Every structure is written in structure tokens, then in C-alpha cells.
Amino acid sequence: MSYYKQHAFFCCNNRNGERASCEDHGARTLRNYAKQRIKDLGLAGKGGIRVNVAGCLDRCAEGPVMVIYPDAVWYTYRSKSDIDEIIDSHLLAGQPVDRLKI
């Protein structure tokens with residue numbers, strides 16, 4: 001068994017206007033929201049779900065992006081409700097959210 005059941009990586013790269021980046025779309029704020037929600041649900045920590053900041057995941061044009069492992073499912077998202085749907089459907093119920101997959 002791996003240390004975490006699932007690992008959600010949020011690209012929070014900021015290219016400072018050189019070209020589009022995930023942070024241009026509020027990635028860090030929504031990542032912080034996801035991390036807090038996972039903690040509030042009691043799912044953080046060993047054997048649970050880890051939410052991490054990632055550097056560039058090289059999918060800037062589709063951003064903001066996140067990827068969930070070990071499932072290797074990539075998502076784009078725009079709002080807290082998108083994050084809630086990913087948490088509730090994918091992380092809790094095991095059903096990827098097709099409308100947000102990239």
C-alpha cells in the first residue's frame with residue numbers, strides 16, 4: 001500500500017505574464033480550498049488524500065489543471081463547485097467527473 005490512497009497535484013505555476021499559466025486562473029486559491037475541504041472531511045494524512053502544489057504540469061493551455069494519482073486522471077476546473085464535484089465524485093465515490101476531464 002502506498003503512503004497515501006490518493007494524491008491530488010494542483011499546478012500553481014505563475015509565468016508572470018510571459019504566457020498563460022494556471023495561477024492566472026486562481027489555481028492556488030482553489031488548491032487551498034480543496035486542501036481545507038479534505039482536512040474538514042477528515043480525509044487528510046496517511047492512508048488518505050494528499051493535496052499538493054505542483055510546478056508546471058505542462059498543460060498551460062488547458063489550465064488551471066490538476067491530476068489525481070494513482071488514477072492518472074487530469075482535470076481542469078474554474079470554481080469551488082468544480083472542486084467540490086471532483087472531491088465528492090472522484091475522490092470520495094471513485095467516479096471521475098467526465099465534464100472536467102482533459
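How many disulfides does a search of the whole structure find? With a disulfide taken as a pair of cysteine sulfur atoms within 2.5 Å, the search finds zero. Cys22 takes part in no disulfide, the nearest cysteine sulfur being that of Cys11 at 3.6 Å. Cys22 is buried at a relative accessible area of 1%, whereas Cys56 is partly exposed at 35%; here buried denotes under 20% relative accessible area, exposed over 50%, and partly exposed the range in between, for a 1.4 Å probe and protein chains only.

The model is predicted, so that local features need pLDDT of at least 70 and side-chain atom pairs count only at pLDDT 80 or more, while totals for chains, interfaces and linings use all residues. Residues are numbered from 1 along each chain as its sequence is written, and side-chain values use heavy atoms, with hydrogens and water left out.

The strands form an open sheet of four, in the order E2-E1-E3-E4 and with mixed pairing; strands (E, at least two residues) and helices (H or I, at least four residues) are DSSP runs, numbered from the N terminus, and two strands pair if DSSP finds at least two bridges between them. Strands E2 and E4 stand at the edges with a single partner strand each, so one side of each is left without a neighbour in the sheet. From one strand to the next the twist averages 20 degrees, where axes are lines fitted to C-alpha atoms, for helices over the stretch in contact, and angles run from 0 to 180 degrees between N-to-C directions.

Within this sheet, E1 and E2 pair in the parallel sense over six bridges, and Val53 in E2 is the bridge partner of Phe10. E1 is joined to E3 by four bridges, the two strands running antiparallel, with Ala8 opposite Ile68 of E3. E3 also pairs with E4 in the antiparallel sense, over four bridges, and Ile68 stands opposite Val73 of E4. The two strands E3 and E4 make a hairpin with three residues between them, and in its turn Ala72 has a positive phi of about 55 degrees. Because four of its five residues are buried, E3 is largely enclosed by the rest of the structure.

Gln6, placed in strand E1, is buried with a relative accessible area of 8%. When neighbours within four places in sequence are left aside, the contacts of Gln6 (heavy atoms within 4.5 Å) are Gly48, Ile49, Arg50, Tyr69, Pro70, Asp71, His90 and Leu91.

Helix H1 comprises the 14 residues 27-40, which at 1.5 Å a residue should span 20 Å, in agreement with the 20 Å between its end C-alpha atoms; the expected span is 1.5 Å times one less than the number of residues. The buried residues in H1 are Ala27, Leu30, Arg31, Ala34, Arg37 and Ile38. These residues cover an arc of only 125 degrees around the axis, which puts them on the same side of H1, the arc being that of the directions from the helix axis to the C-beta atoms. The face turned away from this buried side carries the exposed residues Thr29 and Asp40. Packing of the buried residues of H1 is against strand E1 (6-11), strand E2 (49-54) and helix H2 (80-92). H1 lies across E1 and E2, running at about 165 degrees to E2, and just after H1 a positive phi of about 75 degrees is adopted by Gly42.

In helix H2, the buried residues are Asp82, Ile83, Ile86, Ile87, His90 and Leu91. Their cover includes E1, H1 and E2, together with strand E3 (65-69) and strand E4 (73-76). H2 lies across E1, E2, E3 and E4, and runs at about 15 degrees to E3. Just after H2, Gly94 takes a positive phi of about 75 degrees.

The segment after H2 contains Lys101, which is partly exposed with a relative accessible area of 40%. Apart from neighbours within four places in sequence, Lys101 is in contact with Val73, Trp74, Tyr75 and Pro96. Between Lys101 and Arg19 there is a separation of 82 residues in sequence and of 23 Å in space, C-alpha to C-alpha.
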